[in-house]
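Student: I've got a model open and I'd like to learn how to read it one residue at a time. Can you walk me through it?

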Amino acid sequence: MITRLLIDMINVFRVVFGKYPKRIILSFKIEKEFEKELLRLHIPYQKQFPIRTIAIVDFLLPDKIIVQCDGDYWHSLPQRKNKDINQDIILNFLGYKVYRFTETQINKSVKNCIKNIAQRRINQATTENLL
């Protein structure tokens with residue numbers, strides 16, 4: 001636990017003082033873009049919200065909806081992909097709906113990302129009503 005915390009602190013230091021490539025800093029930019037759209041649409045949220053000891057999610061929306069904004073570089077690494085998958089399985093088991101959007105998707109259209117969530121929620125409700 002202490003080791004992980006120390007590594008995280010070192011990583012923050014590297015980002016702040018420019019020791020990481022710019023592509024990693026962009027992940028903060030995509031979170032800001034997503035947040036601007038949530039504010040514009042008056043969608044309530046909690047930012048950087050811890051879910052037990054499983055994850056600190058980028059955004060927690062009402063109805064246990066989680067939004068993760070994944071930087072293209074960082075989240076394409078094999079170890080990170082596996083960690084993301086395992087995290088999502090546990091969060092789904094706990095009743096959360098996890099929506100992951102890549103840096104490319106967010107930069108292309110953050111509005112479409114939010115529409116995607118709404119559409120999937122409608123489809124899910126329709127399916128549940130049929131059962």
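This is a predicted model: local features need pLDDT of at least 70, side-chain atom pairs count only at pLDDT 80 or more; totals for chains, interfaces and linings use all residues.

Student: Which strand does Gln46 lie in?

Tutor: Gln46 belongs to strand S1, residues 46–51.

Student: What does Gln46 touch, if I leave aside its neighbours within four places in sequence?

Tutor: Look for Asp58, Phe59 and Leu60, which are in contact with Gln46. As for Glu35, eleven residues away in sequence, its C-alpha sits 9.9 Å from that of Gln46.

Student: How do S1 and S2 run, and how many bridges join them?

Tutor: They're antiparallel, with five bridges between S1 and S2, the latter covering residues 55–61. Take Lys47: its bridge partner in S2 is Phe59.

Student: And what lies between S1 and S2?

Tutor: Three residues, which makes the pair a hairpin. Check Arg52 in the turn, where phi is positive at about 45°.

Student: Now zoom out for me. What is the order of elements in the chain?

Tutor: Going from the N terminus, you read α-α-β-β-β-α-β-α-α. That comes to five helices and four strands.

Student: How much of the chain is buried?

Tutor: Of its 131 residues, 33% count as buried. The accessible surface is about 9100 Å², and carbon and sulfur atoms hold 61% of that.

Definitions and conventions: Residues are numbered from 1 along each chain as its sequence is written. Side-chain values use heavy atoms; hydrogens and water are left out. Helices (H or I, at least four residues) and strands (E, at least two) are DSSP runs, numbered from the N terminus. Contact means heavy atoms within 4.5 Å. Two strands pair if DSSP finds at least two bridges between them. Buried means under 20% relative accessible area, exposed over 50%, partly exposed in between (1.4 Å probe, protein chains only). Accessible areas come from the Shrake-Rupley method with a 1.4 Å probe; for residues, only the protein chains shown count as cover.
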